Amino acid sequence: MPYSIIKNLELFLEARYIGDLKQGHTGAQVFRFEREGQDGLVVKWAPPNATEAEGEIAANMQGYRALQSIGAGDLVPPEVREVALDGGTGFVMRDLGDSMRIVDDGFKTAALMWEHFAGLIRKTGVSSVTSRSLPPPFVSEVCAHIERFSHKGVPELLEFIRKAGWQGEWGSEALMPLDFTPDNLFVRENRLSFIDPWKQGTYLGNPAVSIGQCATLMQLYHMREAVNMADMLKINCMERIPKLLGCDTTATECAFNLGATLQLVLSSYVRRESHPFLAAKFMGCARAFWS
């Protein structure tokens, strides 16, 4: 990164640059800044002509705006705003510290995360007209993202999903952010924050999709108390989401499994060349939900 860009960001933010965070696969750069007497800031930055990085930043900002618009603004990191200077574009937000994955202190944090999330389900619920004999609209949204990570076995898996028995009472919709993973969650006593949202056609659906993805990755990461955390999260989905949204437990379980499937396909995709045996194992686990 040219020194001039760092200096321009320091002047714009009235903060001091203190280092970089891990660069993502799209080429987006992440910088940390400190402010005297205040929480620090993080800037996600795309240099000129970095098309993938620019696309990721645009997707993130769309996601933050959409979450705000459906009533899930509490999930958006504080102080998010766009930044455009000579030498690139990006956005800034408050430095949230360590993610749920890095903190990794087990069951108590997962339970607190669920309570925050349940509160957001209550705040974002909206009525939905869904046929009892057809997949609800959010299934197409999730399947489109599964297709993004298509590799061996994914087209057949998608056919199984689309032909599955989607009959049931689906009730209302509420927030359903995808890529809702321990890497992207920051759990504090007073709030839950979520970073790096994907570009989605809709951010509403059955929230069990988000929890299914999160619980699955907890186990794939072998986080502390992962099995107990995943069990607790699934039980809460089965017991509380039907009461919050007026859906039945069968529908909720299908949504949870769909989120788990998304994560297994994604985790398989990123290992398809480096760890083909593990990639095939994850695909087998995904197929087991729908066979």
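So, contacts in the protein: take pairs at least 6 apart in sequence, with contact meaning heavy atoms within 4.5 Å, and 70% of them join residues at least 24 apart. Before I go on, this is a predicted model, where local features need pLDDT of at least 70, side-chain atom pairs count only at pLDDT 80 or more, and totals for chains, interfaces and linings use all residues. Numbering runs from 1 along each chain as its sequence is written, and side-chain values use heavy atoms, with hydrogens and water left out.

Okay, overall build. We have 10 helices and nine strands; those are DSSP runs, H or I of at least four residues for helices, E of at least two for strands, numbered from the N terminus. The C-alpha trace spans about 60 × 40 × 35 Å along its principal axes.

How much is buried? Of the 291 residues, 52%, where buried means under 20% relative accessible area, exposed over 50% and partly exposed in between, with a 1.4 Å probe and protein chains only.

Now let's zoom in on one residue, Ile 161. You'll find Ile 161 in helix H6, residues 154-162. Ile 161 is buried, and its relative accessible area is 0%. So what does Ile 161 touch, leaving aside neighbours within four places in sequence? That would be Cys 143, Ile 146, Trp 166, Leu 258, Thr 261 and Trp 290. Pick Leu 258 from that list: Leu 258 and Ile 161 are 97 residues apart along the chain, yet their C-alpha atoms are separated by 8.3 Å.
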